[in-house]
Amino acid sequence: MKKITIYTACAGMLLLSACASEAPFEGPHDRAKGSFAKSALSLQVHTDHVIKQTRAEEIDINDIHIAFHDVNNHLISENNFFRYLPEVVMLESGNYYITAFYTKTGDDVLYAAAWDSPYYEGKSENFEIKPNEITSNLGTIKCVLKNVMTSVVFEDALKSQMSEDSYVEVKINENSPNSLNFTTAEDNGQHYGYFEINGEQTLVATFHGIINGAETVQTKTFSNVTGGNHYRITFKLHDYQGEESGNHTTGIDLDASVTKTDEDGNVSLVEEDLGDKPLDDNERPNENPENPDEPVVPADPISFTMLDGCYAQLGDAANIVKNIVKPGDIVGFIIDCPAGIKEFTVEIQSEQLNAAELEGVGLSANLDLVDPKDTKEALNGLGLLDGDTVRDKKNVKFAITNFIPMLAALGSSEEHTFILTIKDNNDVVISKYLTLVTE
C-alpha cells in the first residue's frame, strides 16, 4: 500500500503565531484562543490502486485542500491548500475536526463523470483546542478514493471483428444522464473514467457497434458498486459451445465480466445482475429434457478474467499468444468455476526454467494445485496458491507475478509456457496456455 506522508517542521513557533491572522481560519471571538502547530498534522493519501493503474504523477501533499469544522459541523474556514497553512494556527478554544480532499485538476469539484479525475477525501478525529495552549498532535488524516474508478477492456477476438467506431457507454444507474464512452482509444487502461457515487449503486455498461456487419447494442449491469474501488469491465464475444445463435434482436451476443480492486489491492469478481431476464436453456440446471437427472452445463463453465494491471493474454494449443514481460509486470487471472474445481494442474515448459531451477525453489515442472503435497509452501510463497488447496473453490486467483524476476534472471528473449488445465465437478475440462517472453 502506497502512503504519502508529510510531517512539516515547525520553527520559530511563537514568532510565527502572529501570521495566523493571514490564514482563513476565523471563528467567533468570544472565547479565549489556543493554537496548534502545522507539524501536528499528518496527511496520508492512499493511491496504490489508482497511481499504479493510471501511471499518474505522484501527489504533492501541498496540493491537498483542507478545511476546519467545529463539532456541530459548522464550517469555520474556507477550503485552502495545505501549502498555505501557517506554521502556527490560532483558533477559539473548543472542539474541531479537519476535512481534506484532493483533485487532479486542483479545484474542489467532485464530477458526476470525468476522465482521469480521482477524488480523494479524508477526515481527522475530533480534537480539542485549549485556551492559551499549543496542541502538539492532531493525528493523521487518511485520504482515500471517494469516487468510482472504471476501465474497459475489449478482448482481442472482439476487437478484430468490431467496427472502429464501436464503444462502451458506462454510467452509474440506468437513468443517469452522466456517462462516459470507452472506445479502443481508452481500451486496457489508456484512460480511466471516474464517477460520483453515494452508497451502493448499479454499474451499467452498454456496447454500441457493428460486429461482422451486424449492428449490436447490448447492456450489462452489475449491482452493489461502491466508491473507492476500481471496476474493470471486459467485453468479449459469446462462446456458444454448440448453442443455437439465431433470433438475436440486438446483433451478436456478447459476454461481459467485471473485476473489483479495492484500496488494499484485493481483487474479486463482480456477478452480473440478470434482474428479471429469463434464463436461457444453458443456464437452467437440472432441466435437461432428454435426461432430467443430468444437469445442463453452462456455456462458460470456466472463465478467466485478467487481474488489474495485467495485459498478458491467454492462448490455447492452436493459438499461442506470446506476451513480453519484465520484472514488476502484473501477470495473473481470476478464474471463475461455478461448478467448483475438481482438478487444477500447471505444466511448465521452458528450456531455461528446468527441473534443477525449479527444485531450487521447491517446485517441479508439473504442479498440482488441488493436491500440492511438498510444493505447498513454495506455491503459497510465490502467490500461486492461497491456502492448502483449490479443491471445490468456485473463484480463485492465479498470479505468477512473483515468478517474473526468476524468469528474467534466466536471460532475455527466453520463452516460458505455463499450461493451465482445469476440470470442474461436472467433469468439464479446459486448458489455457500462458506464454511469456522476458525482455
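This is a predicted model: local features need pLDDT of at least 70, side-chain atom pairs count only at pLDDT 80 or more; totals for chains, interfaces and linings use all residues.
Strand 14 spans residues 167-172. The strand is mostly covered, with five of its six residues buried. Two other strands pair with strand 14. One is strand 17, residues 201-211, which runs antiparallel to strand 14 and is joined to it by six bridges. Within this pairing, Lys-171 is bridged to Val-204 of strand 17. The other is strand 15, residues 179-182. Its pairing with strand 14 is also antiparallel and comprises four bridges. Here Val-170 has Leu-180 of strand 15 as its bridge partner. Strands 14 and 15 form a hairpin with six residues between them. In this hairpin, Asn-173 adopts a positive phi near 80°.

One cavity of 30 Å³ or more is present. The largest cavity holds about 70 Å³. Its lining includes Thr-103, Lys-104 and Thr-105. Val-109, Leu-110, Tyr-111 and Ala-114 also contribute to the lining, as do Ser-117, Pro-118 and Tyr-119. By residue class, the lining comprises six nonpolar, four polar and one charged residue.

No disulfides are found anywhere in the structure. Cys-310 has a relative accessibility of 0% and therefore counts as buried. Cys-337 is likewise buried, because its relative accessible area is 0%. The cut-off for a buried residue is under 20% relative accessible area.

How values were computed: Residues are numbered from 1 along each chain as its sequence is written. Side-chain values use heavy atoms; hydrogens and water are left out. On a 1 Å grid over the protein atoms alone, a cavity is a set of points where a 1.4 Å probe fits but cannot get out, and a pocket is an open set with protein on both sides within 12 Å along at least five of seven lines; lining residues have an atom within 4 Å of a point. Grid points are joined across faces, edges and corners, and a volume is the space filled by probe spheres set on the points. Ala, Val, Leu, Ile, Met, Phe, Trp, Tyr, Cys and Pro count as nonpolar, Asp, Glu, Lys and Arg as charged, and the others, Gly among them, as polar. A disulfide is a pair of cysteine sulfur atoms within 2.5 Å. Buried means under 20% relative accessible area, exposed over 50%, partly exposed in between (1.4 Å probe, protein chains only). Two strands pair if DSSP finds at least two bridges between them.
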